[in-house]
Amino acid sequence: MHHRFDDALIFKHSSSDKCFTINSLMDNVLKYFTGLTDRQKHQFELLGELYRDWNSKVNVISRKDIDNLYLKHVLHSLSIARFLGDLAPSTSVLDMGTGGGFPGIPLAIAYPECSFHLVDRIGKKVNVAREIAAAVGLGNVSFQHGDIGECRDRYDYVVSRAVMPLDGLVPLIVKNVKPKTDPANRYSPGLICLKGGDLADESKGVKYPVLEFPINEFFNEEFFSTKKIVYVPITR
């Protein structure tokens with residue numbers, strides 16, 4: 001079974017303004033991803049209070065941003081799902097520098113039949129992500145406290161959220177990308193990053209194609225006006 005995130009499942013944006021509360025931002029997630037099961041909806045709903053609680057103990061998200069969790073963290077992470085579309089159940093994803101679980105945990109909820117491995121150098125953040133994944137009942141996620149150099153397995157896609165410049169990031173993850181993916185997947189194996197701003201300088205030293213996709217083509221909120229998905233296919 002594939003999980004559909006194509007145009008047929010995306011509501012057109014509403015012209016009505018919404019307050020950026022946790023509840024309304026959860027509504028914003030639902031308006032773009034209308035094919036979610038009741039279980040997935042419940043899992044996304046749980047993230048709000050779980051992150052609020054854990055963030056009061058361990059600072060995994062800027063405390064001034066916690067009320068914007070669904071916009072700046074959950075929906076932002078899910079832009080990768082909007083980009084990738086359907087994924088074959090065998091698809092594996094490595095989240096490098098996951099912090100408190102972004103983009104890996106929202107993506108793992110969106111793709112319950114795919115597998116996700118979340119890696120970060122900061123142990124307390126990995127522990128928070130692990131606890132939250134367990135609390136929402138994710139069985140398709142594994143965790144690693146350590147450096148990307150310690151991860152030797154290969155994955156269909158490596159995802160990351162502005163961990164470092166592309167010219168430094170790409171050489172680190174090449175070894176972790178499979179040479180081929182399931183032919184049902186839209187994109188060949190590679191790196192998918194959430195970035196913003198002008199990427200010309202950090203893209204110069206990358207020996208693979210660097211393709212940019214504006215997130216405001218997927219989501220209409222003002223926050224995404226300068227945000228991009230950057231896809232680097234790792235061809236051999």
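A polar atom of the Asn 140 side chain lies 3.0 Å from the backbone oxygen of Cys 114. A polar contact here is a pair of N or O atoms within 3.5 Å; within protein, one must be able to donate a hydrogen and the other to accept it, and residues adjacent in sequence count only if both atoms are side-chain atoms. The model is predicted: local features need pLDDT of at least 70, side-chain atom pairs count only at pLDDT 80 or more, and totals for chains, interfaces and linings use all residues. Numbering starts from 1 along each chain as its sequence is written, and side-chain values use heavy atoms, with hydrogens and water left out.

The side chain of Asn 140 also has a polar atom 3.1 Å from the backbone oxygen of Tyr 111. Asn 140 sits in the loop between H5 and strand E3 (141–145). Helices (H or I, at least four residues) and strands (E, at least two) are DSSP runs, numbered from the N terminus. Asn 140 is buried, with a relative accessible area of 11%. Buried means under 20% relative accessible area, exposed over 50%, partly exposed in between (1.4 Å probe, protein chains only). Not counting residues up to four places away in sequence, Asn 140 touches Ala 108, Tyr 111, Pro 112, Cys 114, Ser 115 and Phe 116. Contact means heavy atoms within 4.5 Å.

The protein has seven helices and seven strands. From the N terminus, the order is α-α-α-β-α-β-α-β-β-α-β-α-β-β. Of the 236 residues, 54% are buried. Among contacts with a separation of 6 or more, 73% join residues 24 or more positions apart.

The seven strands form an open sheet with mixed pairing, in the order E3-E2-E1-E4-E5-E7-E6. E3 and E6 are the edges, each with a single partner strand, so one side of each has no neighbour in the sheet. On average, neighbouring strands are turned by 20° against each other, direction ignored. Two strands pair if DSSP finds at least two bridges between them.

H5 packs on the sheet, touching strand E2 (115–120) and E3; its direction makes about 165° with that of E3. Helix H6 (residues 166–173) also packs on the sheet, touching strand E1 (92–96), strand E4 (157–161), E5 and E7; its direction makes about 155° with that of E5.

E7 (residues 227–233) has six of its seven residues buried, so this strand is largely enclosed by the rest of the structure. Its two pairings are tabulated here.

Axes are lines fitted to C-alpha atoms, for helices over the stretch in contact, and angles run from 0 to 180 degrees between N-to-C directions. From H2, Leu 46, Leu 47, Leu 50, Tyr 51 and Trp 54 meet Val 128, Glu 131, Ile 132 and Ala 135 of H5. This contact has eight nonpolar, no polar and one charged residues. Ala, Val, Leu, Ile, Met, Phe, Trp, Tyr, Cys and Pro count as nonpolar, Asp, Glu, Lys and Arg as charged, and the others, Gly among them, as polar.
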